[in-house]
Amino acid sequence: MRHVRNLLFALLAAIPMFAQPQPAVREEWVVDKAHSSVQFRIRHLMSNVPGKFRDFTAGMIVDRADPARSSVEFTIQSASIDTAEAGRDEHLRSPDFFEATKYPTISFKSSVVTPKSPTRFDITGDLTMHGVTKRVTLPVEFLGFGKDARGTERAGFNIETTLDRKDYGITWNRILDEGGLLLGDEVKVIIDLEMVKKK
């Protein structure tokens, strides 16, 4: 009977320890560039011209139990712009547009993650481009977790938003003889990220 009583006391003494909130597990994730992309579209006359940035990095801290404690940062090398037309790309790197020599990077750093649903998040943070920093909120779609054939854990995210290039001091344009402007001001941005969990 004494052994049973001692065991009961030991179990009761252990309850407060197990009742303590466990520390959050915050995982570090990095981008797999081979399966990710940073693309954009802008109006030119009667069409929408696509382009992309070839060189970028991204990292995330993910808290699955409390997504609001997660964070994300990404950096794009502005000189890596690619619209499949060399002369146009050089113009886009020039002082008329990105001034890639003076402002070599486009960066985003989150400050607030707001879950909207299990697969939708608003991520607010500072976007810096062309030497101008603006607070923006990016709508993010979470595409799920999974493992590849080697057992590496992966996660997918999609971001689609629209930016006004004039907000960042990128104002070059040309008035057409018939009236109107050569380029639109709104730029559609599409970012697809496949992230890999660091071991």
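A polar contact is a pair of N or O atoms within 3.5 Å; within protein, one must be able to donate a hydrogen and the other to accept it, and residues adjacent in sequence count only if both atoms are side-chain atoms. By that rule, the side chain of aspartate 63 reaches the backbone nitrogen of alanine 65 at 3.2 Å. This is a predicted model, in which local features need pLDDT of at least 70, side-chain atom pairs count only at pLDDT 80 or more, and totals for chains, interfaces and linings use all residues. Residues are numbered from 1 along each chain as its sequence is written, and side-chain values use heavy atoms, with hydrogens and water left out.

**Aspartate 63**
- Aspartate 63 lies in strand E4; helices (H or I, at least four residues) and strands (E, at least two) are DSSP runs, numbered from the N terminus.
- A polar atom of the aspartate 63 side chain also lies 3.0 Å from the backbone nitrogen of aspartate 66.
- Aspartate 63 is buried, at 1% relative accessible area (buried is under 20%, exposed over 50%, partly exposed in between; 1.4 Å probe, protein chains only).

**Strand pairing around E2**
- Strand E2 (residues 37–44) pairs with E11 in the antiparallel sense over seven bridges; two strands pair if DSSP finds at least two bridges between them.
- E2 and E3 also run antiparallel, joined by seven bridges.
- Valine 38 has isoleucine 191 as its bridge partner in E11 and phenylalanine 53 in E3.
- The hairpin of E2 and E3 has two residues between the strands, and leucine 45 there takes a positive phi near 55°.

**Proline 50**
- Proline 50 sits in strand E3 (residues 47–53).
- Leaving out residues up to four places away in sequence, proline 50 touches Phe40, Arg41 and Thr83 (contact means heavy atoms within 4.5 Å).

**Cavities**
- On a 1 Å grid over the protein atoms alone, a cavity is a set of points where a 1.4 Å probe fits but cannot get out, a pocket is an open set with protein on both sides within 12 Å along at least five of seven lines, and lining residues have an atom within 4 Å of a point.
- Grid points are joined across faces, edges and corners, and a volume is the space filled by probe spheres set on the points.
- The structure holds two cavities of 30 Å³ or more.
- The largest cavity has about 50 Å³ of space, and its lining includes Met60, Phe74 and Leu193.
- That lining has nine nonpolar, no polar and no charged residues (Ala, Val, Leu, Ile, Met, Phe, Trp, Tyr, Cys and Pro count as nonpolar, Asp, Glu, Lys and Arg as charged, and the others, Gly among them, as polar).
- The second largest cavity has a volume of about 40 Å³, and Val38, Phe74, Ile191 and Leu193 are among its lining residues.
- E4 gives the most to the lining of the second largest cavity, with three residues.

- The largest pocket has a volume of about 670 Å³.
- Of its 35 lining residues, Phe40, Ile42, Ile81, Phe98 and Val187 are the closest to its centre.
- E2 supplies the largest share of the lining of the largest pocket, five residues.
- The lining of the largest pocket divides into 26 nonpolar, six polar and three charged residues.
- The second largest pocket holds about 280 Å³ of space.
- E4 gives the most to the lining of the second largest pocket, with four residues.
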